[in-house]
Amino acid sequence: MMFKKTFLIVGVLMMLFGACSPTSTQKSDNDIEGKVDALLKEMTLEEKIGQMSQVDPGVFGTPEELKAAIKNGEIGSLLNVFGAENVNELQRTAIEESRMGIPLIIGRDVIHGYRTIFPIPLGMAASWNEDLVRESAAIAAREAASMGINWTFAPMIDVSRDPRWGRIAESAGEDPLLNSMVARAMVQGYQGDDLSDPATIAACAKHYIGYGAAEGGRDYNTTIIPDIYLHNIYMPPFREAVNAGAATVMTAFNDINGIPATGHERNNRQILKNELGFDGFVVSDWASIEEMIAHGYAADGKHAAELALNAAVDMEMSSRTYVNNLEQLLEEGKVKQEWIDDAVRRILRVKFRLGLFDNPYVDVELAEKVLVTDEHLEVAEKLAEESVVLLKNDNNTLPLKKGTKVALVGPLADQPYEQLGTWIFDGDENDSETVLEAFNAYNGENNVAFAEGLAYSRDKSEKGFRDAERAINQSDVVVLVVGEESILSGEAKTLAELKFPGKQNELIELAASKGKPVVMVVMAGRPTGLRQTQDFADAVLYAWHPGTMAGPAIANLVFGEAVPSGKLPVTFPKGEGQVPVYYAHKMSGRPASEENWTHIDEIPVHAVQHSLGNTNHSLDYGFTPLYPFGFGLSYTTFEYSDMNLSSETMTQNDELTITATIKNSGKVTGTEVVQLYTRDLVAFYTRPVRELKDYKRVTLQPGESVQVEFTIGADEIGFYLPDGTYTIEPGDFHVWVAPNAAEGLQNEFEVVE
Ligand code: BGC
């Protein structure tokens, strides 16, 4: 093998990806900086430290104690305050009764909608529809702002390749580019063009960084992330969020190679603030400063405060190590005044950008006009529809004809709360439309025989099976709505086994035993349950937790009023023993193929060692996942042909245009997400077998063709070296235009010096 020379574009790409294109919120605003300076001059040390402290009234103390602390300038931010009047009252205390009159910034977890609940973020990512994701965040912001909230702890953009981890539900899945899309769309949606607009709120890109790599998928667990992975896999969504103008960033709970993210000076100050040019403020996660003691990194609260401030954490969430120790640490010379001033400057900057000094109060009548409007519900329905992935549709079982006698069975078919998913503090199940309600409305109650079969997803009693059987016997098709309750995914909800809980597998088998077509609709916060059950189903719609409008969205898809277009944002493993399994893996020296592996059941007894060959696979699962990243069927079919490249070579300053024809070869109008992947064949550091570089959504009438065109620049086909510099190596590349990460048309080009 010949070694190739490497182009090192030190610094230049830092500028390209970094701080060279400030958005409106990041534009240096002399006016704001002047005001911040003026305030800083007036503030006492105690008041500065107060700005760096965020508390939850529910844990802080009595309402009187809270007000007294606000009055004394000991608190800069609150989270989890409910109600516009309440917010106004606390805000009034800060403005009128504290010496400096600095408004509070009110934070809340508005993760996938405020009252109108959209699909969980993993579901949103499955839509691959940036415009809709942006719109959902704008709606969430409008609703939240009407309740006095200024700041959401979203988007969560932790690349995650482990479905055991409950928080995969909150992420955009396994791919850096898809997470970057969600990062950009959500930051733009929450913040709009102008943060001081009363309908926008500050975003918070979290959890910086590497949280999704928790060992074993166990939440909060340690992570081992080589720098080359940090820069190429975990950093891109944060880079994108910063470029989109994210007002704040939250540090993560995990440690990375032995250093807690919250105490990671290099990652936080050097990379995030200095190299990426982030000029907003960094908030810790809930007590993650204090938790550095449990990590075995800080000796006590005082030491934790020292480590966190020196590691560029500007605001402390919930724990009180800053308030209790910074003054003394400053006296002892263990922290610098400069870092305290920098932290306060950043916090005040965001408060000014939010317009809080001019317009701190919220109109208490506003919420009534803004929450769960028809317009918001319409967007929620559309996004829910587009987030659903059709994984299987044997004999065109779907869509069903209107009026078909349907048995609607399963523990999630009529659960207004469970369909909302994790992190819905302000969602209201009374707003939800369930699958049962929507089926009755569309298909007519007489054509829907409903039996839940199991009262909830973990139910182990078969008491309801008889009713389910009765419903199935009187129908022509069974639609099973199965999966996980909302509490089974999200924070601290790791599962060691990927299967439907309770007696759902038995219920599915029972349904299949009646000889009628079975449609399985899965509501879950992670990839789960299919290996054991999908053979019993003729069709599978993977719906994640779809939110308020789950019912209408699923009814539309089942009855063909809408055509599935979702594609998987994460690889579906055959089982937990295959995890981690992701499309952008490296090639081993002994790749497996269909020809060179033998299933455990096929191995001859007393087979001689090496007689079966030695390749990179599992004896039981083989080497492919259950479903690849990017996969999703439609009610129509798409043909890919005529792939062309504008040139066979490109220099490191060039662009390359790739075209392919996509034809709707089926009978209904449908939308295809066309994906562009590349592979760098030989590099100084081995590169993944495929990397998603771009994608395009195309909607085609039956018989219609379109030429899809992608342009990639050299800045998209290089990669970051362990020291964070960007390199584009000359040499051969493969390129695919593909319906998913395992198929597609392939071509090649060469990068030349
Ligand atoms: C979570 C964060 C969240 C914070 C505030 C933490 O436990 O990790 O994602 O924003 O709580 O609720």
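With a relative accessible area of 36%, Glu-332 counts as partly exposed, a class that lies between buried, under 20% relative accessible area, and exposed, over 50%, as judged with a 1.4 Å probe and the protein chains only. The model is a predicted one, in which local features need pLDDT of at least 70 and side-chain atom pairs count only at pLDDT 80 or more, whereas totals for chains, interfaces and linings use all residues. Residues are numbered from 1 along each chain as its sequence is written, and side-chain values use heavy atoms, with hydrogens and water left out.

The side chain of Glu-332 meets that of Lys-302 in a salt bridge, at 2.9 Å from N to O, where a salt bridge is taken as a side-chain nitrogen of Lys or Arg within 4 Å of a carboxyl oxygen of Asp or Glu. Lys-302 belongs to helix H12 and Glu-332 to the loop between helix H13 (321-331) and helix H14 (337-353), so the pair ties together parts that are 30 residues apart in sequence. Helices (H or I, at least four residues) and strands (E, at least two) are DSSP runs, numbered from the N terminus.

The structure holds 40 salt bridges. One of these joins Glu-130 to Arg-184, with the closest N and O atoms 2.7 Å apart. Because Glu-130 lies in helix H8 (residues 130-145) and Arg-184 in helix H9 (residues 176-191), this pair ties together parts that are 54 residues apart in sequence. Glu-130 is buried, at 18% relative accessibility, while Arg-184 is partly exposed, at 24%. A further salt bridge is formed between the side chains of Arg-269 and Glu-265, at 3.4 Å from N to O; these two residues are four apart in helix H11 (residues 265-275) and are therefore separated by about one helical turn. Within this pair, Arg-269 is buried, with a relative accessible area of 7%, and Glu-265 is partly exposed, with 37%.

The bond joining Lys-206 and His-207 is cis, with omega about -5 degrees, and His-207 is part of strand S6 (residues 204-208). The bond from Tyr-208 to Ile-209 is likewise cis, with omega near 10 degrees, and Ile-209 lies in the loop between S6 and H10.

Positive phi values also occur at residues other than glycine. Ala-287, in the loop between strand S10 (281-283) and helix H12 (301-310), has a phi of about 60 degrees, and at 10% relative accessibility this alanine counts as buried. For Asp-642, phi is near 50 degrees; this residue is found in strand S18 and is exposed, with a relative accessible area of 53%. Strand S18 (residues 638-645) also contains Ser-641, which is partly exposed at 29% relative accessible area. The C-alpha atoms of Ser-641 and Gly-464, which are 177 residues apart along the chain, are separated by 51 Å.
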